[in-house]
Amino acid sequence: MERVQADPLDVLRTRTSEKWTEYPSDVLPMFVAEMDYPLADPIRRALHSAIDRGDTGYVSSSNPVFAPFRQFARRRWSWDIEDATLLSTADVSMGIVEVLRAVCQPGDRVVVNDPVYAPFYDLVTEAGASVVRVPLATVERSHNSAHGSAHRLDLDALEAAFADGVRAFLLCNPHNPLGLVHERADLEAVARLAARYSVTVVSDEIHAPLTQPSATFTPYLSVSPEARATGFAVHSASKAWNLAGLKCAIVVAHDTATAGVLESLPIEVSWRTGQFGVLASVAAYTDGEPWLDGVLGALSFNFDLLDALLGEHLPGVTWRRPRASYLAWLDFRALGWGDDPAERVLTEARVALSSGVEFGDAGRGHARMNLACSPEVLTDAIVRIARIAHPRPN
């Protein structure tokens, strides 16, 4: 499979999205989760065709994205959801909030596993609940890179929180910012605990299509009847095909009771879905897999490159090779750059990373780097950062 090539910087800087407008032009933007690759041709054609025919109205009530998503899930993950209930909404964050609102009472507690995608904390409070932090456990795993620490779900700590009366668990599967693909046995254990303690699991699976071929993504709802009885999954093509601005996500329920929750939500939840988001997602799920495989190849190349660059230029910075996503979780603590190394990197190297402290207490001394870029941009970024760590004498 031929690797997808990133657009050149002069083209990227004509984009008007967050990644390319937040900072001055001397900054390399490697923070927000937008990719530098050109839009997949099937999606480009679908959107141009819609413009040509003026197809810019409301989303159809017979939403055409559901069938392609079911087929994609079966092909990609052997996940059969033909009889599941699907509901579309604008994005994964909105789907999470609406499900949590439906299953939680004001003041109920919701577990998150830090370090985790920073908006999780706000989504829980937006739903009227409060956050309970259960950090991921640190372990050594032979299948990961030799650098840094590996992680997994802390099942004992989760059980303690569940037994203490939390109402829901917001699961990141695969886990952002670590690129952690949870093992099936751990998800099965979560489902058993959720059933035992009457906890609802909401699984954010937006990074699932970006799982590397060497790993196996397991949808939470696929692992057992207990998972289907206790859980919801939220999916979107937005991360894997770079469609965040087009607004389409899918909430999945695969049990009579959980389906009833989706059916009880206000109709406006689904009306918020974007028409272009639906059309682009249909094209992605139907014809976008060759492009996606090319992106995975490009990311694998950049993972190898980052490993080599860190070894050569920044041996004090450690990381674990992601098994999903295009995000690298960099540990700067050995350099002594304080709780927020991203601040120094931006000021002195003119490289914008995501601040690790935003991902929770476990993110102190860390930063997240977006690797969905050209090898040249990645190389430039690491060389710039290395100049701070190893300044040349005057």
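Modeller: Before we start, one definition: a helix is a DSSP run of H or I with at least four residues, and helices are numbered from the N terminus.

Colleague: In which helix is F120 found?

Modeller: F120 belongs to helix α6, which spans residues 119-126.

Colleague: Is F120 buried or exposed?

Modeller: A residue counts as buried when its relative accessible area is under 20%. F120 has a relative accessible area of 0%, so it is buried. Leaving aside neighbours within four places in sequence, F120 is in contact with I96, V112, L170, L171, C172 and D204. From F120 to L210 there are 90 residues in sequence and 20 Å in space, C-alpha to C-alpha.

Colleague: How far can I trust the coordinates? What is the mean pLDDT of the chain?

Modeller: Where pLDDT is low, predicted coordinates should not be read in detail. Here the chain has a mean pLDDT of 96, with 97% of its residues at 70 or more. Over residues 141-146, however, pLDDT stays under 50. For that stretch the model has 15 contacts beyond four places in sequence.

Colleague: Next, strands. Which way do the residues of β9 point?

Modeller: In a regular strand, side chains alternate between the two faces of the sheet. In β9, G231, A233 and H235 point one way, while F232 and V234 point the other way. All of them are buried. Since five of the five residues of β9 (residues 231-235) are buried, the strand is largely enclosed by the rest of the structure.

Colleague: How many bridges join β8 to β9?

Modeller: Strands of a sheet pair through backbone hydrogen bonds, in a parallel or antiparallel way. β8 (residues 200-204) and β9 run parallel and are joined by four bridges. S203 stands opposite A233 in β9. Between the two strands the chain passes through helix α9 (residues 225-230), and this β-α-β crossover is right-handed. β9 also pairs with β10 (residues 249-253), here in the antiparallel sense and over three bridges. The bridge partner of H235 in β10 is I250.

Colleague: There is also an open sheet of three strands. What is its order?

Modeller: The order is β11-β14-β13, and the pairing is antiparallel. β11 (327-331) and β13 are at the edges with a single partner strand each, so one side of each has no neighbour in the sheet. Five bridges connect β11 and β14, and L330 has A367 in β14 as its bridge partner.

Colleague: Back to helices. Which residues of α14 are buried?

Modeller: An α-helix has 3.6 residues a turn, so residues three or four places apart point the same way. In α14 (residues 341-349), the buried residues include P341, A342, V345 and A349. They cover an arc of only 100° around the axis, which puts them on the same side of α14. E343 and T347, on the other side, are exposed. The buried residues pack against β12 (351-352), β13 (354-355), β14 (366-370) and α15 (375-389). After α14 comes R350, with a positive phi near 60°.

Colleague: Which residues touch the most other members of the largest nonpolar core?

Modeller: W241 and M369 do, in a core of 99 residues. Helix α13 (residues 289-313) gives the most to this core, with 11 residues. Not counting residues up to four places away in sequence, W241 touches M35, L39 and F72, among others. Another core, of 31 residues, lies apart from it, and V110, L123, L170 and F232 are among its members.

Key: Residues numbered from 1 in each chain as written. Predicted model: local features only at pLDDT ≥ 70, side-chain atom pairs only at ≥ 80, totals over all residues. Heavy atoms only, no water. Buried < 20%, exposed > 50% of the residue type's maximum accessible area, 1.4 Å probe, protein only. Pairing = 2+ DSSP bridges. Right-handed = clockwise from strand over helix to strand, strands pointing away. pLDDT = per-residue confidence, 0-100. Contact = heavy atoms within 4.5 Å. Arc of directions from axis to C-beta. Core = buried A, V, L, I, M, F, W, Y, C linked by side-chain atoms within 4.5 Å.
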